[in-house]
Amino acid sequence: VSVSADGEYITAGSDDNSLCFFDKDSSTPLWGYTTGDDVRSVAIPADGEYIVAGSYDDKVYFLPRNKIEFDWSYTTGNAVRSVAISADGEYIAVGSDDNKVYLFDKDSNTPLWSYTAGNGVWSVAISADGEYIAAGSSDDPGKVYLFEKDSGTPLWSYTTGGSVRSVAISADGEYIVAGSQDYNIYLFDKDSDTP
């Protein structure tokens with residue numbers, strides 16, 4: 001699930017292959033969309049204008065709030081595990097089981113760049129302005145990556161003792177936190193690959 005910054009809009013993805021969009025005043029969806037498989041991750045920018053979803057049908061979906069028309073989708077090489085959208089809605093980060101991190105501009109289904117990790121990318125996060133992207137993978141044993149939006153080459157990476165299942169980044173991009181299957185939580189400054 002994901003909620004807009006003002007609390008007005010909520011989007012939810014489900015294992016019944018559906019993506020639903022709500023406003024805060026109703027338990028009945030404003031609209032629903034059916035993908036080809038489980039919807040495992042959804043994101044909504046601060047103003048709630050767009051919805052991004054990642055599905056196990058190997059696709060990223062980008063839909064407008066009013067859903068007058070379907071904007072775009074992109075097919076990755078495997079299940080999409082994680083999506084994140086910058087607060088202004090301009091940039092979308094994607095993590096996929098095809099071992100890749102992708103960055104998109106909201107206006108195009110052609111990635112600005114992609115980076116191939118050593119294994120599936122389980123989690124992505126993006127700073128409010130879209131300048132920094134964090135990713136967590138199941139590289140053997142697991143890695144945390146930090147990128148700048150203008151480059152698909154990591155600023156740094158850090159090897160943990162297990163698959164990194166969750167990452168988060170502060171709004172200003174200064175701090176990154178990661179949760180790993182080695183039972184540790186890691187906190188990084190964006191300028192250092194040492195926790």
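Strand E18 (175-180) and strand E19 (185-189) each contribute at least two residues to the nonpolar patch. Strands (E, at least two residues) and helices (H or I, at least four) are DSSP runs numbered from the N terminus. This is a predicted model, in which local features need pLDDT of at least 70 and side-chain atom pairs count only at pLDDT 80 or more, while totals for chains, interfaces and linings use all residues. Residues are numbered from 1 along each chain as its sequence is written, and side-chain values use heavy atoms, leaving out hydrogens and water.

User: Which residues make the nonpolar surface patch of about 420 Å²?

Analyst: A patch takes residues with over 30% relative accessible area and no salt bridge, joining like charges within 9 Å and nonpolar side chains (Val, Leu, Ile, Met, Phe, Trp, Tyr) within 5 Å. Areas follow the Shrake-Rupley method with a 1.4 Å probe, and for residues only the protein chains shown count as cover. The patch is made by Tyr-175, Val-177, Ile-185 and Leu-187.

User: Is Leu-187 buried or exposed?

Analyst: Leu-187 is found in strand E19. Buried means under 20% relative accessible area, exposed over 50%, and partly exposed in between (1.4 Å probe, protein chains only). Because its relative accessible area is 52%, Leu-187 is exposed.

User: How many Å separate the side chain of Ser-82 from the backbone nitrogen of Val-124?

Analyst: Ser-82 is placed in strand E9 (residues 80-85), and its relative accessibility of 7% makes it buried. Beyond neighbours within four places in sequence, its contacts (heavy atoms within 4.5 Å) include Ser-41, Trp-122 and Val-124. A polar atom of the Ser-82 side chain lies from the backbone nitrogen of Val-124 at 3.0 Å.

User: Which residue has the backbone nitrogen that the side chain of Ser-86 reaches?

Analyst: Ser-86 lies in the loop between E9 and E10. Its relative accessible area is 0%, so Ser-86 is buried. At 3.2 Å, the side chain of Ser-86 reaches the backbone nitrogen of Glu-90.

User: How many residues apart in sequence are the parts that the pair Arg-40 and Asp-15 ties together?

Analyst: The whole structure holds 11 salt bridges, each a side-chain nitrogen of Lys or Arg within 4 Å of a carboxyl oxygen of Asp or Glu. One of them joins Arg-40 to Asp-15, with the closest N and O atoms 3.3 Å apart. Arg-40 lies in strand E5 (residues 39-43) and Asp-15 in the loop between strand E2 (9-13) and strand E3 (18-23), so the parts tied together are apart in sequence by 25 residues.

Key: A polar contact is a pair of N or O atoms within 3.5 Å; within protein, one must be able to donate a hydrogen and the other to accept it, and residues adjacent in sequence count only if both atoms are side-chain atoms.
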